Amino acid sequence: MTEIFGVPIQALFGQLMLGLVNGSFYAVLSLGLAVIFGMLNIINFAHGALYMAGAMLAWMGMEYLGIGYWWMLLLAPICVGLIGIAIERLMLQWLYKLDHLYGLLLTFGLALMIEGLFRDLYGVAGQPYSIPEEFAGAFNLGFMFLPKYRAWIVFASLSVCLLTWYMIEKTRLGAYLRAATENPQLTQAFGINVPLMVMLTYGFGVGLAGFAGVLAAPASQVGPLMGSNLIIVVFAVVVIGGMGSILGSVVTGLGLGIIEGMTKVFWPEASATVVFMIMAVVLMIRPAGLFGREK
Amino acid sequence: MMKRKLLALALSAMLFPVAGSALAQASKISGDVVKIAVLTDMSGVYADLGGKGSVVAAEMAIEDFKAQFKPKFKIDLVSADHQNKADVGSNKVREWYDTQGVDMVTDVLNSGVAIAVAKVTTEKNKIMINAGAASTRLTNEDCAPNNVVHYVYDTYALANGPVSVMIKQGKDTWFFLTADYAFGHSLEKDATAVVLANGGKVLGGVRHPLNASDFSSFLLQAQSSKAKVVALANAGGDTINSIKAANEFGLTKSQSVVGLLTTIIDIHAVGLQATQGMMFTEGFYWNLNKETRDWSRRFFDKHKRMPSMLHAGAYSAVTTYLKAVQATGTDDTATVMKKMHDTPINDAFAKGGRIREDGRMVHDMYLVEVKKPSESKEAWDYYNIKQVIPAEQAFQSMALSRCPAVAKK
């Protein structure tokens, strides 16, 4: 068997695959963060908590109302989006003119409260959520045993990322959005309702987090800590990719997922820190991130 | 000259009452309050294992003790979240000892925290009855038998039962998935020793960060090792996610997955479908006999969940401590410790339990197997008891002790 640094090449392919799966989550989450930061100038620390809320909603839909995975994949992001809109209208909209720090503190506080609420209600051990029947079982790829559900995660995440990118970069709505970011006063003067667009953007951004949450529900335990475990890494992804860069966050998300996967093979102990090492190096060489533009 | 004598007299007059009162203090209860502290993880991966449940258990112990013994002294309970950080835990405990008059601290899950807290406890000459941390270092390299009791379980007791049984079934090649800190290392080390002693082989292992979000790649490595058994030397949320991923990746079809520290909380969280047939060691099960059922149902009414072995252990630890204070009429560390060492422990948690000279509390452990979904008759009806492991065999024998304080004797 061919080996690379003592690791069979088959195993390496397997790990690449898994890195891609984790990278998909990073991509969707950091995409939401990038959109929000790009449009609202808010560092949304509540992102992880809303991702968790998405997963919890999926579980609650199943547990209390008997609503299956597919419906929740649609409904949960909408619910999370609506929660996001409420947050934006009631709290965030007063902070745009202030320093980033205020938005960060507010959303961080919200994250703690949302998490605390679920922790109090359901404990930390989490709830089981089974894989939808359509995706039970696995593909035997020869070099590895890939659960069908994991393959679906990659497909669904990448589709959503692509769609978002297309919407923002190629459609009229996206053009308005970009204009509103560049110069809100001028855009408003052209008769475009900027506050409405900002509100919808925040709702959409956190809706993406809710979507990722539902995707993650069957793959891991649904519990109040699942967001905070992930969010710090996702922030690192956004910093590496460049704050506000949409394509950057998707590419970096996938790339870092793969690098992290490789680290788990060659130096498992460092797998929790490798992303931050890369972040430090990137910040030294390109302070605006790999895909970011200096302002 | 006269002046000097007078001065000496005055000084000694000033000194004597102080010394006198200090002596009197030693023979009764400081501040007339016995203060017990629960230090645990209230918000992280282990919060369901210990957490609020441990506080509930300690409250129950105090209630029951008051009802039974009508003590003359007051009993106070405080608690704090150590966030699984050794520095947070040891600073909190130092504050408790120095300024709040805490006499005994319990739960203390997370071995990293427990080892740090044990050092502070020894330095301040107080008592720690550890119900949650598993590392055998607490009664070996880092032992402090005058101040620390290791109560519920330890990594040796956890590893011993399932490992020897599985090797007898011919499952003799092992791969470890280990949480990368004091507890995981200790569990892996003790389990490896048992594997080797029984003629098995360890094919490899991988160490994952505490609270890892994804286990699939670690499990893929376990899969490619072709070991017959994949042993999970982790706990809490990490164990839960490992078991789930093991099922998803089809590991359980070709290999046996053993959770070395698995509790009823984990089984409840993952569900019987994914965990059926798993075998591991427990220190307590609510459905053992009438006494455990009665106690556990009371606990359930307050906490809405059945107790883990930590919860039952915390209850027993607080009871044991209070009984010793009652019997000796003091909260002086040495006196209470001696009394606890001398008195057998009989309550809902343990029968004929005994605190050894190295600080290890030995009691029967249970090798359990998780029921099939069809076998489970009610909520929380999860285990078949495969074997009761008697106290003498369950824990590491004194002959193997690496505790310097014991070896000197």
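User: If strands are DSSP runs of E with at least two residues, numbered from the N terminus, in which strand of chain B is the place of Ala179(B)?
Analyst: The model is a predicted one, and its strand β6 of chain B covers residues 173–179, with Thr178(B) lying in it. The place of Ala179(B) in chain B is likewise in strand β6.

User: Is Thr178(B) buried or exposed?
Analyst: The cut-off for the term is a relative accessible area under 20%. Because Thr178(B) has a relative accessibility of 0%, this residue counts as buried.

User: With which side chain does the side chain of Thr178(B) make a polar contact?
Analyst: Not counting residues up to four places away in sequence, Thr178(B) touches a set of residues that includes Gly184(B), His185(B), Glu188(B) and Val206(B). One of these touching residues, listed for Thr178(B), is also its polar partner through the side chain, at 2.7 Å, namely Glu188(B).

User: How far apart in space are Ala179(B) and Ala67(B), C-alpha to C-alpha?
Analyst: Ala179(B) is buried, with a relative accessible area of 0%, and its contacts, leaving aside neighbours within four places in sequence, are Gly184(B), His185(B), His208(B), Ala233(B) and Asn234(B). Ala67(B) is 112 residues from Ala179(B) in sequence, and the separation of the two in space, C-alpha to C-alpha, is 42 Å.

User: How many residues apart are Cys143(B) and Cys403(B), the pair that links distant parts of the chain?
Analyst: The count over all chains comes to one disulfide, and Cys143(B) and Cys403(B) form a disulfide with sulfur atoms 1.9 Å apart. The link of Cys143(B) and Cys403(B) is right-handed, with 70° about the S-S bond. In chain B, Cys143(B) sits in the loop between β4 (127–130) and β5 (148–150), whereas Cys403(B) sits in the loop between α15 (391–394) and α16 (404–407), which places the pair at a sequence separation of 260 residues.

User: Is Cys143(B) buried or exposed?
Analyst: For its disulfide partner Cys403(B), the relative accessibility is 0% and the residue counts as buried. Cys143(B) has a relative accessibility of 14%, and because the cut-off is under 20%, Cys143(B) also counts as buried.

User: About what area do domain 1 of chain B and domain 2 of chain B bury between them?
Analyst: Chain B is divided into domain 1 (31–153 + 288–364) and domain 2 (156–286 + 366–392), and the centres of these domains, taken over C-alpha atoms, are separated by 26 Å. Their contact takes 33 residues from domain 1 and 31 residues from domain 2 of chain B. Carbon and sulfur atoms account for 69% of the area that the two domains of chain B bury, which is about 2,700 Å².

User: Which helix gives the largest share of the side of domain 1 of chain B that touches domain 2 of chain B?
Analyst: Between the two domains of chain B, the count is nine residue pairs in polar contact, each residue at pLDDT 80 or more, and the rule finds one salt bridge across their interface. On the side of domain 1 of chain B, the elements α4 (111–123), α12 (290–303) and α13 (309–328) each supply at least two residues. The largest share of that side, six residues, comes from α12(B).

User: How many salt bridges does the rule find across the interface of chain B and chain A?
Analyst: In this interface, 30 residues of chain B are in contact with 34 residues of chain A, and the buried area is about 2,600 Å², of which carbon and sulfur atoms give 53%. Asp214(B) forms a salt bridge with Lys264(A), the closest N and O atoms being 3.7 Å apart, and the number of salt bridges found across the interface of chain B and chain A is four.

User: Which element gives the most to the side of chain B that touches chain A?
Analyst: Across the interface of chain B and chain A, the rule finds eleven residue pairs in polar contact, each residue at pLDDT 80 or more. The elements giving two or more residues to this side of chain B are β7 (201–208), α7 (216–224), α8 (236–248) and α10 (264–270). With five residues, the element that gives the most to the side of chain B touching chain A is α7(B).

Technical notes: Residues are numbered from 1 along each chain as its sequence is written. Chains are lettered from A and ligands numbered from 1 in the order in which they are written. Side-chain values use heavy atoms; hydrogens and water are left out. A disulfide is a pair of cysteine sulfur atoms within 2.5 Å. Helices (H or I, at least four residues) and strands (E, at least two) are DSSP runs, numbered from the N terminus. Buried means under 20% relative accessible area, exposed over 50%, partly exposed in between (1.4 Å probe, protein chains only). Domain bounds come from an automatic or database domain assignment. Contact means heavy atoms within 4.5 Å. Buried area is the accessible area (1.4 Å probe) that two parts lose on being put together, summed over both. A salt bridge is a side-chain nitrogen of Lys or Arg within 4 Å of a carboxyl oxygen of Asp or Glu. A polar contact is a pair of N or O atoms within 3.5 Å; within protein, one must be able to donate a hydrogen and the other to accept it, and residues adjacent in sequence count only if both atoms are side-chain atoms.
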